[in-house]
Amino acid sequence: MRYLSLYWSFFAINLRTLYQYKADLVIGAIATLLTQLGGMAMLWLVATQISDLAGWSLRQLMLLYGLITLARAFDMIFFDNLHALGSEYVREGKLDVLLMRPLSPLFQLATAHIQQDGFGMLALGIALTAYAGVSLDLFASFHSIMLLLFFIINGALLISAITVLFSAAGFITANSHIILESVDSIADFAHYPRPVFPRWIGNLTTWVLPYAFISYYPASHLSGSLHVSLWLYPLITLAAWLAALIAWRAGIRHYSSTGS
Amino acid sequence: MKYWAVLIFNMRLNLVYPLALFATLLSTLVSIFVAWYIWQRVFREQDLVAGMNAGQMFTYIVFSRIFTAHHIWNLVRLIGQRIQSGDILIDLLRPMQLQTYYLVGRAGDLLFMTLFIGTPTLLIVLPLGQLQIPHGLSTYLLFFTSLLLSLMAGYILEFWIASLAFYTNYSWGLESLYRALLLLFAGGLFPLQLLPEPLLMISNILPFKDILYTPVAIFSGMVPSNEIPSMVTLQLVKVLILFTLSRFTFARLLQNLAIQRG
Amino acid sequence: MDLLVPTYEQIFAVHDLNFSIGKGEMAGLIGLNGAGKSTTMKLLTGVLVPTSGSLTVGGDEPHKNRMKHNKKMGAVFGQRSQLWWDVPVIDSYRLLQKIYGVAEADFRTNLEYFTAQLSLGELLNVPLRLLSLGQKMRCEIAAAFLHSPEVVFLDEPTIGLDFRIKKKIREFVLNVNRQYNTTIVLTTHDLGDIEELCNRILIIDAGKILYDGSQVELKKNFGAELELDIFSEGEQRVFDVLKTQPGIISILNNAEGGLTVRFDRDKVPAAEIIGKIAGTVSVTDIRLRGSALENIIEKFYQGQPGDSA
């Protein structure tokens, strides 16, 4: 498909750009790694005090944490440029250039820039998931490996859909960054087991912003404690993408009819 | 009188970004909720954690988050507005000692944060747990001393980082890094007593602890009253060292900035 | 292209725009700030969608067949970059080749041609951010033509450039138009660009088309003012002879040490003036110039009803 080969070309350009800013890559990556590590450190400290948190062992907590971290890393690396939609592309009119090319503007926006800081998060996510996976015997059977991959891929796609959806606010407010940051804060809850929090927070992360389907439910499924129908995951992801694309369509129509 | 004017002006400057305020408030609240609900589970099974009771821990969590938000807000403003836009040069022209000017400005930021982040946060989290406040005049005095020292230390570090950001042209990464260090080594995420020995020693040497942990720990009642004076004294010594270093470097840094920007 | 109205919060940015530009034509869109030029350009490029009426470019409606339309067109916006910032120019070109689906042979032919015309040789391997403004614009302009578009929109393509680069760019656009019959729509505040390139001129003001016709006609109807540069030994006498001559608008010293006589050719032909002077003083040099497009357009605006300028 044309978009796939184009994607590779864009990615190659991004890598070449990254290479020019090596020092930044290291600083930023370390920073995000440390920030996310903090949350895990807190869990580890708690684990030294009590044997389990709401029935979750430290290993299980690491798996949960690792899953959401992987998804967030993916979102940060590949969709971070959406934060700039409001200020750079709408307000400053850079969007015009994208609209004049025979290529989807959303695709162009997402591929214009890779956020290298995300690699720090990626490293942490891989480390946690791998370690937890080994301790929980998740790599023992083909079936569980496939299941793990399924959850990881679905999680990455779901979280990106949420980012794309809320970035569309930038068409109207000329500032996507703030709303994306706010929505992102809520994702912090999904680093920990749902039962730890009161009902309303749990509902928030399940039905409003379905982060729980990236970390909590998959981790529960993999450790055998809770089973939700597997069809639900891709369904939610699909619905999220649908909403995101509709929002974007409306946003571009709005931009094209009022000018700047 | 002019100091007061500067202070109020700084407060108003902050209000220019109401959305940023909302986002900061939200992330502060989320951070508090997350930490508290987790630690609450621990306190269900035991009364004390490393010598702290639930009230002290809760107070610590709330105030450390508010204080962290304050630091990050400051750093972002400093990097974004003062140095990159070159406003710093205008500051140099003002008829006030630059450093005094900044300190006063920072006090204005603190007032702003107290009103617009601190107050709503406290109101919202009040029903969650038991906030504790210090007893005794001497404790309060020592607390305020510690607070002032932490502000001074904070501003010195922020200035160094902002200058570094200017030279390397990579502000986002350094902001991130600073936030991460605040969370881990300054007590932004958890009281430092919980750290294992080797890390605890590192945090004692690094200046980050003095920016955040010391005053908040004193306020939360986590420090036995007989240890408070020595803690504050140590903080004083470290801040004096920072201050001396800053004297040497600031003049040079400002010169360079002026040259580069002009 | 037939074209109508988008609304912008109840204010009509452009109104009753009706015009048609043929294939291979080079049209210039002239207007003061706020006249509706950029709105018109945005409509033509498909960035803005009209609220009523129809707009087709090469048979396609820009916002309905966006992909098809975008492939056929190229654009240069003087204040916005189309190329990627951190990578060598050639990499940007290669990416554009992929995006527009240009065959390798065509790509090479075009690239060679543009490189020769715009002296892109040493620039191709340099990242865009390291280039000067002039170098950048040359690369941007070439980029717009790389995929052999049928129509190219140029918005302030020479802004901020020195005269030599302007010349190069003008030559390039002219050559491409001649060779490939590419339709060009140009809008710019630099009337020198328009004068050299556009045989078709549209003047827009307050969202309406005031004039739509050829440059030749515009000059004929409003370009009655010509200028004679006279270099002689006895300037005072030239002045005395001409000052009472009807049809003379002004006699001024010019920068080169002679006199510039501005006159209305409908009232007194150049030949008559020259005749009068030749008999009186010894003339070392004489030059006849048409009025600059600027003056002609100014005359046009003055002739419009309701003009307060």
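Reply: Happy to. Rings of Phe, Tyr and Trp (its six-membered ring) pair if their centres lie within 6.5 Å; planes over 60 degrees apart make a pair edge-to-face. Do keep in mind that this is a predicted model.

Me: Good to know. How many aromatic pairs are there over all chains?

Reply: Counting that way gives 41 aromatic pairs over all chains. One example is Tyr3(A) with Phe107(A), an edge-to-face pair at 4.8 Å centre to centre with 85° between the planes.

Me: Which parts of chain A does that pair tie together?

Reply: Tyr3(A) belongs to helix α1 (residues 2-20) and Phe107(A) to helix α6 (residues 105-111), so the contact joins parts 104 residues apart in sequence.

Me: And is Phe107(A) buried or exposed?

Reply: Phe107(A) is buried, since its relative accessible area is 16% and the cut-off for buried is under 20%. Tyr3(A), at 27%, counts as partly exposed.

Me: Switching to chain C: how are the rings of Phe300(C) and Tyr301(C) arranged?

Reply: Their centres are 6.3 Å apart and their planes meet at 65°, so this pair is edge-to-face. Phe300(C) is buried at 3% relative accessibility, and Tyr301(C) is buried at 7%.

Me: Back to Tyr3(A): which cluster do ring pairs link it into?

Reply: Its cluster includes Tyr7(A), Trp8(A), Phe107(A) and Trp241(A), along with Trp84(C) from chain C.

Me: Last one, on charges. What sits over the ring of Tyr89(A)?

Reply: That would be the charged end of Lys94(A), 5.4 Å from the ring centre.

Conventions: Residues numbered from 1 in each chain as written. Chains lettered and ligands numbered in written order. Predicted model: local features only at pLDDT ≥ 70, side-chain atom pairs only at ≥ 80, totals over all residues. Heavy atoms only, no water. Phe/Tyr/Trp six-rings, centres within 6.5 Å; stacked < 30°, edge-to-face > 60°. Helix = DSSP H or I, 4+ residues; strand = E, 2+ residues; numbered from the N terminus. Buried < 20%, exposed > 50% of the residue type's maximum accessible area, 1.4 Å probe, protein only. Lys NZ or Arg CZ within 6 Å of the ring centre and 35° of its normal.
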